[in-house]
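Here is a set of questions and answers for a reader new to this structure. Each answer sets a value against a definition.

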Amino acid sequence: MSRPKVETATSRVERLLTMVPWLVGRQGIEISRAAEGLGISEDQLKKDLDLLFVCGYGPMTDELIEVSYEGGRVFVTNADTIARPLRLSVDEAISLIVGLRSLSALGAGESGAVERALAKLEEVAGSIPGVERVMVVDDDTEAGRTRSVLQDALSAGRRVHLTYHVPSRDERTERDVDPMRLARVEGHWYLEGWCHRAQDVRLFRTDRIESVEVLDVPSEPPADAVRRDLSAGAYQRGEGDLPVTLRLAPSAHWVAEYYPVTSRETSGEDLVVTLPTSNEGFLRRLVLRLGGAAQVVAPEVARTAVAEAARESLAAYGTH
């Protein structure tokens, strides 16, 4: 007979912290509706409400949360401090950023949640005086030196000239960019800025920047240049993007790290990923370059295009 699952203290604290502002904004809600809205049973809700009686921002009676659920309706008062949005000091923001980066690097916790929390925190951290210098962690790798140069350009308000590899077209480009921020998303560092070549806001993965030069020109993004919402990831689908499902053998697993895949799952030793692209030529070149280590699973139009390209290549060598 299996034992019932025991809730951890951390999970309960997380629920209580979410519960307080939720209930404060719904004074007098029926206890059955509150339990349904919070995704717990009525018995569990009552136990949580009883616990809130001894919680607050201090030990004194007038500093404790007041809870009532008599008559089948829930009222929570004296909880304004918890219900207010969190405001961080410089030390608190730095500690959270460093801690979350450490969790991400160690692979601890639920990686998606850690990355989303880190992206949101770094999004707002730039507005806290004194925090911007912790936005990039120094290291001795080429990627680390690139980030350091970009951070200096951001701090000095200078335009940069990039030599950048564009994976979707498998080409090297030269472009001037007015930096707007550095952000770490899904395990990778990105420079976001106004690209004068594209005349639009663009994200540049820093490990794909082959060289960077800080120009003696002020960085002046247009007033209507808006930062992207990176909380859901770096990839933002374009109108012409076609989601292509690829099965990758172990030797081709690097594709999932280098290109913006929107899903991945293991199948034996293989990796099955979804790679959105609007460039059929790029897809053909990628699959042919992998020499049999990648198979187009869907859609059929992409399978047909790659198969035809393979036949043409073999025919050029007199091979069937």
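Q: What makes V76 count as buried?
A: The model is a predicted one. In it, V76 has a relative accessible area of 2%. Buried means under 20%, so V76 is buried. The residue lies in strand β3, residues 73-77.

Q: Which residues is V76 in contact with, leaving aside its neighbours within four places in sequence?
A: They are L23, V24, Q27, I65 and E66. Contact here means heavy atoms within 4.5 Å. As for L52, which is 24 residues apart from V76 along the chain, the C-alpha atoms of the two are separated by 9.2 Å.

Q: Which residues of α9 and α10 meet?
A: On the α9 side they are E280, L283, R284, V287 and L288, and on the α10 side A302, A305, V306, A309, A310 and S313. By class, this contact has eight nonpolar, two charged and one polar residue.

Q: How many bridges join β4 to β5, and which residue of β5 is the bridge partner of V160?
A: Seven bridges join these antiparallel strands. The partner of V160 in β5 is V177. V177 also stands opposite C195 in β6. Strands β5 and β6 (residues 188-195) pair over eight bridges, again in the antiparallel sense.

Q: What makes β7 and β8 edge strands?
A: The open sheet has five strands in the order β7-β6-β5-β4-β8, with antiparallel pairing. Strands β7 (200-205) and β8 (209-218) each pair on one side only, and they are the edge strands. From one strand to the next, the twist averages 45°.

Q: How many residues of β5 are buried?
A: Of the 15 residues in strand β5 (residues 171-185), 11 are buried, and the strand is mostly covered.

Conventions
Residues numbered from 1 in each chain as written. Predicted model: local features only at pLDDT ≥ 70, side-chain atom pairs only at ≥ 80, totals over all residues. Heavy atoms only, no water. Pairing = 2+ DSSP bridges. Helix = DSSP H or I, 4+ residues; strand = E, 2+ residues; numbered from the N terminus. Axes fitted to C-alpha atoms, helices over the stretch in contact; angles between N-to-C directions. Nonpolar A, V, L, I, M, F, W, Y, C, P; charged D, E, K, R; others polar. Buried < 20%, exposed > 50% of the residue type's maximum accessible area, 1.4 Å probe, protein only.
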